[in-house]
Structure formats: structure tokens, C-alpha cells
Amino acid sequence: MAKPLAFAPIPAGLPATVPFIGPETLQRQRGRPFAARLGANENGFGPSPKAVQAMREAAAEIWQYGDSTSHDLLQALAAHLSVPPAHIVVGEGIDGLLGLLVRLLIAPGDAVVTSDGAYPTFNYHVVGFGGALHRVPYRDDHEDLQALMVRARETGARLVYLSNPDNPMGSWHDGAAIEAMLDDLPDGALLLLDEAYIEFAPNSAIPRIAADDPRVIRMRTFSKAYGMAGARIGYAFGHPDLIAGFERIRNHFGVNRIAQAGAWAALADHEWLAHIRQEVAAARDRIARIASDNGMQPLPSATNFVTVDTGRDGAFSRNLVAWLEEEGIFIRMPGVPPLDRCIRISCAPSDELDILAEILPRVLARHG
């Protein structure tokens, strides 16, 4: 029997791993569902009822391909952002847009700068297209803006990744600091500003950047505040010449009809978004109290999760994640030291946080 064809050189040299093991995989491994799903930064409070209704109605038309231009959603986003539609591209969540951007800009060997411990899916795409990753450490649990710029100059980076607010630490920078960072960006580099959690951030965290500024591209999602993670839909906005480049490589029917309808309705439901912000703020406070009651330090958060300093090392945090998983609680943790002294707990409805409040002290007492 003939052997399967060999992979192309770049994928042949990659590890057979994925950035995350999903909660469904973990549930299958343990043979039962989680009682508290607090690890993926999903919005357990759910999407807008108006979005659900729009998706339900769109389901009857699922025999049709989705609008390949996402026209109606694009027009709504243009009004929402106060920018022309030519500055925006809609895609299969930020993860899909990250892959497209890397493919568009990064040739094998090109330097890309990020923070050590920041969003691993971005790294996955960079390595997958042959880029050379250069990492700088966090400083005081924040991505280090100055260090990112220094490394970008040292390496001649084409792309610099920054999330604001940050995942996995929940920290954030003022928008003015990011505006100043752009002035230090080396010629030939692009700042990729991941704003997945921006709806939870204070207004001061939102930089004032002109829509036609060629130095930056900003990415946002319907997965977090809008509660549509399973729909896989997000958007990027930046200079129209850069945005036009996505047309060369994107999957033109990749954003499905149901997701487009739901996102359009969700964007228009301002009351539900305000409700979600209130629920998340209350859940953050509850998680902080649970952490403090158990001798751990909650870190300030501008996201829909709270990162908790266990006061121990990475080995203890990994064990704590595993111990809680055995008890039916799914959480995650940062992957590199010194961030890995922490665990990360997603905001969720009170019944799931009740389970955390009951089980966490019991687990800590048992394993000390």
C-alpha cells in the first residue's frame, strides 16, 4: 500500500499540538460534564434574546450560503465604529482573522514580537506560517509596551501583538499609552491590537486612533460581551489598503448566515450589553471574594474573568487546575512563569460560582 503524501516543509516541522484542549474533550476524558464551566472566558449569561431570535429565523434559510460580504453586518459595524465600511473586515472570530493577517504579512523567517505568556493561538498561526517569534516578559502582570517596541526594533519585526485588555492576566493599559506606543513603532512594523475584551474595559483604555492610521489593525469579537462564542464571528478594522488585502486570501463564505444575523441583532441590543456588563462586574466581585476568602489574591480585571494569584508556584497552580477538574470545575491558568503562579476563572452565573465557593476550600484543605 502506498504511503500518504508527506506534508509540506513548514507543517512537517510543527508539533502535533493545538493551542487549547477544549472543555468538551476534557469532559469526554472524565466521562461526565462539568458542573461549573469557568475556564474558556465564555459569556455564560448568554447572548441577547433578540440575537437568539434572529439566529432562529435565519436557521430556516440555512440552505442558502451566507452573504459573502457580510454586507448588513458590515454597515452596522461601520455605524457602530463611525468608520467607513472599507476599513472593516468580518471573519470567523478573532482566531480566524489572526491567521489571515499572519498569512497576509508574514513570510518564512519574518520576525514577529509578542509577550511571553500572551494569547497562544496567535503564536500558533505565526509558527504555522513560518514566522520567527520573539517574546518579551510581562512587567508587573502587564504586557510591557516599552519592551515590545525595543524588541521590535532589535528584530526588524513586521508584526507586534498586544492585547488590551490582556488575556490571561486581565490587566489593561490606558489608551493614551497605546497611542504613545504607536509613535515608537519602527517603520515597516504593524501593531496588532487585540481588543477581544474591550466592551468590559473602562473608556480610558480605548485608544483614539484614526481609522486610516496604517500603523495598527484592531480586532474585536462577538464571542465575549455579546455571548456568541459558538457562532465564531468577529471583525478587524484598520487602513482600507490593509483591509482590502484580506479579500485576496479569506474564505469568502466562511462566516455563516446564522452568525451574521445574530451578530447584527446583538450589536443593536444596547440594553442587553449593559445588562451583561453589570452581570460580569458582579461576577468579578464574587470571584474576588471567593479568592480572598481562600487566602489568594485576585488581580484587577477589565475582562470577563479574574486572574487569581495563588501565592504559590506554577506546579501548585497546575495541580489546583487538575484538582478542581476532578471535582467538576473547569478553569485554566497562564502557561509560563511567573504568570503561572496564577489561575484564571471566568465570570459565570451565580449557581456556578456557588459550586466554586463550596468546592475550592475543600480542595485546598485536602491538598494544602
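Helix α4 (residues 71–81) lies across β2, β7 (216–221) and β8 (234–238), and runs at about 130° to β2. Helices (H or I, at least four residues) and strands (E, at least two) are DSSP runs, numbered from the N terminus. Axes are lines fitted to C-alpha atoms, for helices over the stretch in contact, and angles run from 0 to 180 degrees between N-to-C directions. Contact means heavy atoms within 4.5 Å. The model is predicted: local features need pLDDT of at least 70, side-chain atom pairs count only at pLDDT 80 or more, and totals for chains, interfaces and linings use all residues. Residues are numbered from 1 along each chain as its sequence is written, and side-chain values use heavy atoms, with hydrogens and water left out.

Helix α7 (residues 145–155) also packs on the sheet. It touches β3, β4 and β5 (159–163), and its direction makes about 165° with that of β3.

Now the sheet itself. Seven strands form an open sheet in the order β2-β8-β7-β6-β5-β3-β4, with mixed pairing. The edge strands, β2 (88–91) and β4 (132–136), each pair on one side only. Two strands pair if DSSP finds at least two bridges between them. Neighbouring strands of this sheet are turned by 20° against each other on average, direction ignored. Strand β3 (residues 111–115) pairs with β4 in the parallel sense over five bridges. T114 has R135 in β4 as its bridge partner.

Next, the cores. A nonpolar core is a set of buried Ala, Val, Leu, Ile, Met, Phe, Trp, Tyr and Cys residues joined through side-chain atoms within 4.5 Å. Buried means under 20% relative accessible area, exposed over 50%, partly exposed in between (1.4 Å probe, protein chains only). The largest core has 91 residues; L101, L159, I217, F222, I233 and L320 have the most contacts inside it. A second, separate core of 19 residues includes A111, V113, I209 and V216.

Helix α11 (residues 270–293) has 24 residues. It reaches 35 Å from first C-alpha to last, close to the 34 Å expected at 1.5 Å a residue, where the expected span is 1.5 Å times one less than the number of residues. Its buried residues include L273, I276, V280 and R284. Their cover includes β9 (297–298), β10 (305–309), β12 (342–346) and α13 (350–367). Just after α11, G295 takes a positive phi of about 75°.

Finally, A266 sits in helix α10 (residues 257–268). A266 counts as buried because its relative accessibility is 3%. Not counting residues up to four places away in sequence, A266 touches A51, Y226 and M228.
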